[in-house]
Amino acid sequence: MSNSDTGPAPDPVLHIQDLDYSVRNRTLFKGLELSVSAGESVAITGPSGSGKSTLLSSVLGLIKPHGGSIRVTGAEVTKLRGKQLARLRSETIGTVFQFGELLPELSPLDNVALAALLSRSDRAGGYRKAQELLDELRVPSAETTEELSGGEHQRTAVARALINSPELILADEPTGSLDPDATARIAELLFDLPRRRRCGLVLVTHDVEVAARADRVLRLEAGLLVPAQVREAVQA
Ligand SMILES: Nc1ncnc2c1ncn2[C@@H]1O[C@H](COP(=O)(O)OP(=O)(O)OP(=O)(O)O)[C@@H](O)[C@H]1O
Ligand SMILES: [Mg+2]
């Protein structure tokens, strides 16, 4: 996805322009803009129902906006269909949500390897890389994912998001179900990724301390993303 025949793409990993979207007569996005570079983290805050999750769904191509452009590593998501969209989702974008993306009855290793096997057929290689990531993120081996602690579960979700070396990571309230200690550790892990792996990170959170770790904090308000004063709020 990231390669084009004109050489390395100059585009940011995520570039949203003039995005419009409404549901049930409510305007969620009205000319929304967002640009995220490789190696950069952006936190998005905003009231419940303002459209934060809908924005991430739009980037994943799960929702078709009514106007505007969403480019991920140069590819126009709003125009992708079928296999191309599936490939973008499995290879270019990694997702970490509050819950739901891991299958509780599978082992952490199977959950992470599965994400690799869905995009390529090298079974042994997929399992090897999954084990390496789980070791790196200090996830203990377990028969089933449901027996993990909340923090271990989210570290598994991060491993799953990373297995195909995505250029962009989308996280929706990834610490929403964790205690303060686990929250701090998962936040540290996530905000370290842009620096260590040169990916872009967009993280939606209601937690001002988590948001304050991002390079930029934006607030979704009246259909637009505006700079938020989270750092000052945390320090006050
Ligand atoms: N599939 C859908 N059909 C109709 N309305 C929807 C749909 N999905 C979301 N909405 C509406 O869009 C609005 C934005 O929802 P969204 O889940 O994006 O908010 P959010 O900012 O993520 O909120 P929260 O902080 O509570 O997670 C809400 O009013 C919601 O009811
Ligand atoms: Mg949400």
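Helices here are DSSP runs of H or I with at least four residues, strands are DSSP runs of E with at least two, and both are numbered from the N terminus. The structure above is a predicted model, in which local features need pLDDT of at least 70, side-chain atom pairs count only at pLDDT 80 or more, and totals for chains, interfaces and linings use all residues. Residues are numbered from 1 along each chain as its sequence is written, chains are lettered from A and ligands numbered from 1 in the order in which they are written, and side-chain values use heavy atoms, with hydrogens and water left out.

Let us start with the charged pairs. Side chains of opposite charge can pair when their charged atoms come close. A salt bridge means a side-chain nitrogen of Lys or Arg within 4 Å of a carboxyl oxygen of Asp or Glu. Searching the whole structure turns up nine salt bridges. Three of them are set out here.

| Pair | N to O distance |
|---|---|
| Asp-181 and Arg-185 | 2.9 Å |
| Arg-213 and Glu-188 | 4.0 Å |
| Asp-192 and Arg-195 | 2.5 Å |

Asp-181 and Arg-185 both sit in helix H6 (residues 180-197), four residues apart, which is about one turn of the helix. To describe how covered a residue is, we call it buried under 20% relative accessible area, exposed over 50%, and partly exposed in between (1.4 Å probe, protein chains only). Asp-181 is partly exposed at 48% relative accessibility, and Arg-185 is partly exposed at 45%.

Arg-213 and Glu-188 form a salt bridge. This pair links distant parts of the chain, 25 residues apart: Arg-213 is in the loop between helix H7 (208-211) and S11, while Glu-188 is in helix H6. Arg-213 counts as partly exposed, at 37% relative accessibility.

Asp-192 and Arg-195 are also both in helix H6, three residues apart, about one turn of the helix. Asp-192 is partly exposed at 21%, whereas Arg-195 is exposed at 60%. Salt bridges with shared partners connect Glu-136, Asp-192, Arg-195, Arg-196 and Arg-197 in one network.

Now for the loop between helix H4 (123-136) and helix H5 (150-162), where Glu-147 is found. Thr-144 belongs to the loop between H4 and H5. Is Thr-144 buried or exposed? Thr-144 is buried because its relative accessible area is 19%. The side chains of Thr-144 and Glu-147 are joined by a polar contact of 2.8 Å. (A polar contact is a pair of N or O atoms within 3.5 Å; within protein, one must be able to donate a hydrogen and the other to accept it, and residues adjacent in sequence count only if both atoms are side-chain atoms.)

Asn-164 is buried, with 14% relative accessible area. What does the side chain of Asn-164 reach? The side chain reaches the backbone oxygen of Ala-115, at 3.1 Å.

## Two residues with positive phi

Thr-73 has a phi near 45°, a positive value in a residue other than glycine. Thr-73 lies in the loop between strand S6 (67-72) and strand S7 (75-76), and is buried at 10% relative accessibility.

Ala-222, another residue other than glycine, has a positive phi near 50°. Ala-222 is placed in the loop between strand S11 (216-221) and strand S12 (224-227), and is exposed, with a relative accessible area of 75%.
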